[in-house]
Amino acid sequence: MTALNRVPSLMVRAGTASALTIAAMGGSVVVPGVASDAAAATPATKALQIAASKKGSPYKYGATGPRRFDCSGLTLYSFKKAGKKLPRTAAQQYNKTRHISSGSRKAGDLVFFHSGSNVYHVGIYAGKGKIWHAPKTGDVVRLQKIWTKSVWYGRVK
C-alpha cells in the first residue's frame, strides 16, 4: 500500500478529512445504506435493462433472440444475459418463479397474463403499471401499460 492510499484511511479514522478530500486523493467513500451501482444491479434489474435494450425488435413466434422474440423468448433471453436460467414457455416460467402479490411487485419481476389457470403471456415489470414485452405477430418489443387485472406476478429465484 502506498502512502497516498494510506492517507485517506488515516484521515477518516481521525475524522479530519472530507469526502471531497478523500476522493481527490484517490480514496473512496462508503455511505451506509447506499448501494453502489454495481451492487444495485440485481439480476432482475439487469434483465429489465436488457429487455428495454431490445425495444423495436420484431415479434416472431418461437424466437428467443437476439434479434427477434416471442413473449417468453424475451424474458428467457433477458434473464439468461443477467445470469439466471428460465424455462422456455410463459406457463413454465410461472411455475419456476416465487409467486408474489401485486403489492410486493418490483421492477424486474415477471408479469404473467392468464385466463383462469391458463398462463398465456409474460412480460417484465418496469414499474408504474408498465411492462416490457413482445406482444404479438406484427408488433415489436415495447413498453406498455398493463391492460388487465388478470395478471399474476413472479420473482425469478
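Which residue in S4 is the bridge partner of Gly127? In this predicted model, where local features need pLDDT of at least 70, side-chain atom pairs count only at pLDDT 80 or more and totals for chains, interfaces and linings use all residues, the partner of Gly127 in S4 is Lys130. Residues are numbered from 1 along each chain as its sequence is written, and side-chain values use heavy atoms, with hydrogens and water left out.

Three bridges join S3 to strand S4 (residues 130-133), and the two run antiparallel; strands are DSSP runs of E with at least two residues, helices are runs of H or I with at least four, and both are numbered from the N terminus. Two strands pair if DSSP finds at least two bridges between them. The open sheet has six strands in the order S1-S6-S2-S3-S4-S5, with antiparallel pairing, and its edge strands, S1 (97-100) and S5 (142-145), each pair on one side only.

The search of the whole structure finds five aromatic pairs, where rings of Phe, Tyr and Trp (its six-membered ring) pair if their centres lie within 6.5 Å, and planes under 30 degrees apart count as stacked, over 60 as edge-to-face and the rest as tilted. Among them, Phe69 and Tyr77 are edge-to-face, at 5.2 Å centre to centre with 65° between the planes. Tyr125 and Tyr153 are also edge-to-face, at 6.2 Å and 85°; Tyr125 lies in strand S3 (residues 118-127) and Tyr153 in strand S6 (residues 151-156), so this pair ties together parts that are 28 residues apart in sequence. Tyr125 is buried at 5% relative accessibility, buried meaning under 20% relative accessible area, exposed over 50% and partly exposed in between (1.4 Å probe, protein chains only).
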